[in-house]
Amino acid sequence: MAASSIASAVQWIAMQIANEANFLLPVEDQVDILQYELKYIQQLVRDVDSPEEVGNSQLQILMERIRKIAFRAEDVIDTYILEVASLNNEDGNSSGDASFLVKDVLFPQLVKDIEAIVTDLREASKQLQVPGAIAREGPSNDNNRPKQAGNYKVLTYAHTDDGYFVGREDDIEKLVRLVTGKNYSGEGCSQKVRVVAMVGAAGVGKTTLARKIFNDSRVKEHFRRAAWVTISQQWNTKDLLLQILSQTGAISVAERNSLRNWSKPELVVKTHGFLSENPHLIVLDDMWTPGAWNDICGALPLNNGSKVMFTTRNNDLPSHADLNCFVHKPTLLTEGQSLELFKKIAFGDEDIRATTDDFVRLGTEMTQKCSGLPLAVVILAGLLGTKRTLDEWKQVSKKFGSLLLKVKGPAHYGKSVYQTLMLSYHDLPDNLKPCFLYLARFPEDYEIESEKLIQMWIAEGFVPGDENPSEEVAQEYLDELICRCMVLVVDIDIVTTEGFSIRLHDVMREFCIAKAKDECFLEVHGPNDRRVGTSSTSDQSRRISILPGGTFIPTDQHSHVRSLIQFGVQGSRAASSLRGSWTEHFKLLRVLILDEVETHDGHLPETLGNLKHLRYLSLLNTNIKTLPKSIGNLYNLLYLEYTLQYGTKGETLPNVLWKVKQLRHLYFQGGLKFPKGLELHTLTTNLQTLWMIEGTCSEEILYDRCPVSIPLYDIRKSCEIILGLEKWCRVGEYGATL
């Protein structure tokens with residue numbers, strides 16, 4: 001369907017009207033009409049956006065047409081703003097010739113384009129209208145905001161891997177005793193069992209059970225060293241070994257950086273040598289192929305009472321790993337256990353619905369259709385937890401039953417899992433659909449920092465900022481995805497309940513990629529140029545993600561792309577696919593992330609400053625020695641993070657950031673060289689975070705506005721580095737002042 005595309009277009013155009021009022025003022029009336037028609041058709045699409053209509057070919061053709069119209073609306077507005085902004089001087093004014101070009105060429109063309117789009121929208125609206133359709137004067141945005149806003153803090157942080165668990169007590173007891181070397185009588189267990197495998201279909205609860213074993217107090221007491229690493233379909237052996245060394249206490253963070261240049265055989269020897277000293281438990285989660293085991297097994301000594309436990313869907317993998325491998329296949333939940341798990345999530349601890357016969361009866365009927373698969377129960381419960389009335393529950397029950405009859409999921413999905421995924425996605429408010437699809441661009445099992453994700457959503461225009469601060473609204477969006485059990489919380493500050501990381505269950509990610517493909521939402525390039533989630537109309541994709549090992553060659557067909565991410569991996573950086581004047585292909589870019597990436601010459605082109613719509617720029621652990629001077633032209637930039645890779649010698653940064661007056665968050669660290677008298681005083685209106693570590697003198701400098709009440713840390717030699725921030729600073733915990 002086209003719901004996410006329309007929602008994104010509506011929100012982005014509204015943001016442009018607010019932020020680029022000077023540019024759009026001459027066409028204010030036309031843009032208002034365009035917004036109205038987009039909102040109206042958004043409501044019509046919402047009325048027909050049912051998971052049961054997925055196979056309706058005629059409707060899909062119409063949705064494709066509407067999606068293209070929404071894309072055109074964004075392109076027309078963005079292109080006009082870009083062309084006008086490019087004609088202006090640094091002071092924001094244009095010359096006489098430029099004013100003539102805007103008034104007599106660009107402005108009339110924009111009016112003509114908008115009128116054509118409005119005509120197409122109205123024609124598509126007529127085709128969508130059905131008996132009982134809404135009146136033209138009544139489009140509403142009620143479905144765009146998350147529900148149950150007052151309940152978020154109760155539910156938000158419970159959905160970790162082992163946050164909800166029922167049944168399988170006997171399995172836990174057996175596996176704990178097996179892993180620690182004891183049988184049910186408490187006597188020593190045969191040392192032949194060195195490897196334990198949990199094998200089962202997607203959604204059966206392998207990882208959750210493994211996590212319960214890993215976190216059991218008896219297991220923690222038995223093993224002095226333990227590590228949990230996720231393998232996935234694409235793995236990096238060096239990164240896995242570095243994770244094991246780090247988690248078992250063999251190396252510090254600084255040592256981990258220095259070991260990145262070691263070869264794989266050297267890391268295998270170092271890991272084996274350290275783990276040989278003490279019994280250890282290593283968990284390899286989500287292992288797919290024998291190749292992954294072959295790459296890592298040489299680093300894991302198993303002759304000193306140590307154990308390896310792994311989870312997999314591959315029934316043949318245990319015998320390949322070890323002839324005496326103990327195989328455990330998690331059983332399906334009983335009907336009683338399914339209902340117990342459902343109640344924990346859907347009702348919470350204190351909910352009157354849990355004691356209401358009608359709610360319990362409907363919950364029982366629906367959980368019985370989940371076939372005992374924990375993932376299906378969890379997703380269904382997360383969805384129903386947002387529904388407060390019995391009528392809403394009845395509607396969900398009816399749709400779920402219809403889906404089970406009409407829609408057949410992929411063969412590797414457990415029965416009912418795909419249907420619950422479909423039901424949960426289509427129930428999302430319009431504004432949350434692009435936020436959810438956005439998660440498909442990250443690698444499998446990738447831990448996504450929530451604070452960064454929120455800033456990406458804001459930069460993409462998914463989050464409104466007129467009524468409440470964008471960060472607060474974005475947090476609400478993320479909270480609802482967590483409440484609905486569509487994402488997993490994997491790390492959190494237990495004191496502040498902030499700064500947590502999330503990830504997608506691998507089954508949820510597969511589904512997310514498929515939906516993103518259907519909606520031309522993103523294009524993912526995987527290893528060996530294997531494209532994940534790329535449709536036959538991939539030239540329409542608005543976002544490009546280059547996974548570790550993937551390749552990408554930008555062309556003129558990518559002029560509509562709004563965000564570009566390329567991922568390297570720790571221990572094996574990716575060579576950037578961006579060469580020459582690549583910015584010419586991405587003039588409408590909003591988000592640019594080149595993390596763990598090496599450019600061919602260690603620099604970014606000066607034409608980076610032509611990306612007037614760029615709002616988020618991340619350059620983490622790269623070989624980019626400095627920023628181009630033209631970065632001062634990025635007047636829409638909200639977020640900038642820049643660090644050098646270990647061993648790269650930075651060049652002096654240009655003193656131009658004072659021009660980027662919309663900047664909210666600035667992070668600098670890792671060997672950068674700051675010019676003396678770095679001017680940032682003009683940023684104090686919007687800047688919320690300033691984090692700077694000068695590598696040349698190993699001094700950490702963290703400034704934050706006093707009104708924001710963010711901690712001030714160590715300040716030394718700051719007068720030589722920063723000018724104009726005196727009013728921000730106060731006495732820090734080390735007694736230093738500015």
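Okay, ground rules. Since the model is predicted, local features need pLDDT of at least 70 and side-chain atom pairs count only at pLDDT 80 or more, while totals for chains, interfaces and linings use all residues. Residues are numbered from 1 along each chain as its sequence is written, and side-chain values use heavy atoms, with hydrogens and water left out.

Let's start with the rings. A pair of aromatic rings is described by the distance of the centres and the angle of the planes. Here, rings of Phe, Tyr and Trp (its six-membered ring) pair if their centres lie within 6.5 Å; planes under 30 degrees apart count as stacked, over 60 as edge-to-face and the rest as tilted. That rule gives 18 aromatic pairs. Take Tyr446 and Phe567: the ring centres are 5.3 Å apart and the planes sit at 65°, so we call this pair edge-to-face. It links distant parts of the chain, 121 residues apart, with Tyr446 in the loop between α20 (432-437) and β6 (448-449) and Phe567 in strand β12 (residues 563-567). By the way, helices (H or I, at least four residues) and strands (E, at least two) are DSSP runs, numbered from the N terminus.

Are these two buried or exposed? Buried means under 20% relative accessible area, exposed over 50%, partly exposed in between, with a 1.4 Å probe and protein chains only. Tyr446 has a relative accessible area of 31%, so it is partly exposed, whereas Phe567 is at 4% and therefore buried.

Next pair: Tyr642 and Phe668. Their centres are 6.1 Å apart with planes at 80°, so this one is edge-to-face. Tyr642 belongs to strand β17 (residues 639-644) and Phe668 to strand β18 (residues 665-669), 26 residues apart. Tyr642 is buried at 0% relative accessibility, and Phe668 is buried at 1%.

There's also an aromatic cluster, formed by Phe342, Phe347, Phe359 and Trp393.

Now charges over rings, meaning NZ of Lys or CZ of Arg within 6 Å of the ring centre and within 35 degrees of the ring normal. Arg211 lies over the face of Trp228, 3.9 Å from the ring centre.

On to Thr420, which sits in helix α19 (residues 417-427). With a relative accessible area of 1%, Thr420 is buried. Where does its side chain reach? To the backbone oxygen of Val417, at 2.7 Å. Leaving out residues up to four places away in sequence, Thr420 touches Ala376, Ile379, Leu380 and Phe400, where contact means heavy atoms within 4.5 Å.

Last stop, the sheet. What is the strand order? This open sheet of 5 strands runs β2-β3-β4-β1-β5, with parallel pairing; two strands pair if DSSP finds at least two bridges between them. β2 (225-230) and β5 (326-328) are the edge strands, each pairing on one side only. On average, neighbouring strands are turned by 15° against each other, direction ignored. For the angles, axes are lines fitted to C-alpha atoms, for helices over the stretch in contact, and values run from 0 to 180 degrees between N-to-C directions.

Within that sheet, 5 bridges join β1 (residues 195-199) to β4 (residues 307-312), and Met198 has Thr311 in β4 as its bridge partner. Finally, helix α10 (residues 237-247) lies across β2 and β3 (280-285), at about 150° to β2.

Conventions. A polar contact is a pair of N or O atoms within 3.5 Å; within protein, one must be able to donate a hydrogen and the other to accept it, and residues adjacent in sequence count only if both atoms are side-chain atoms.
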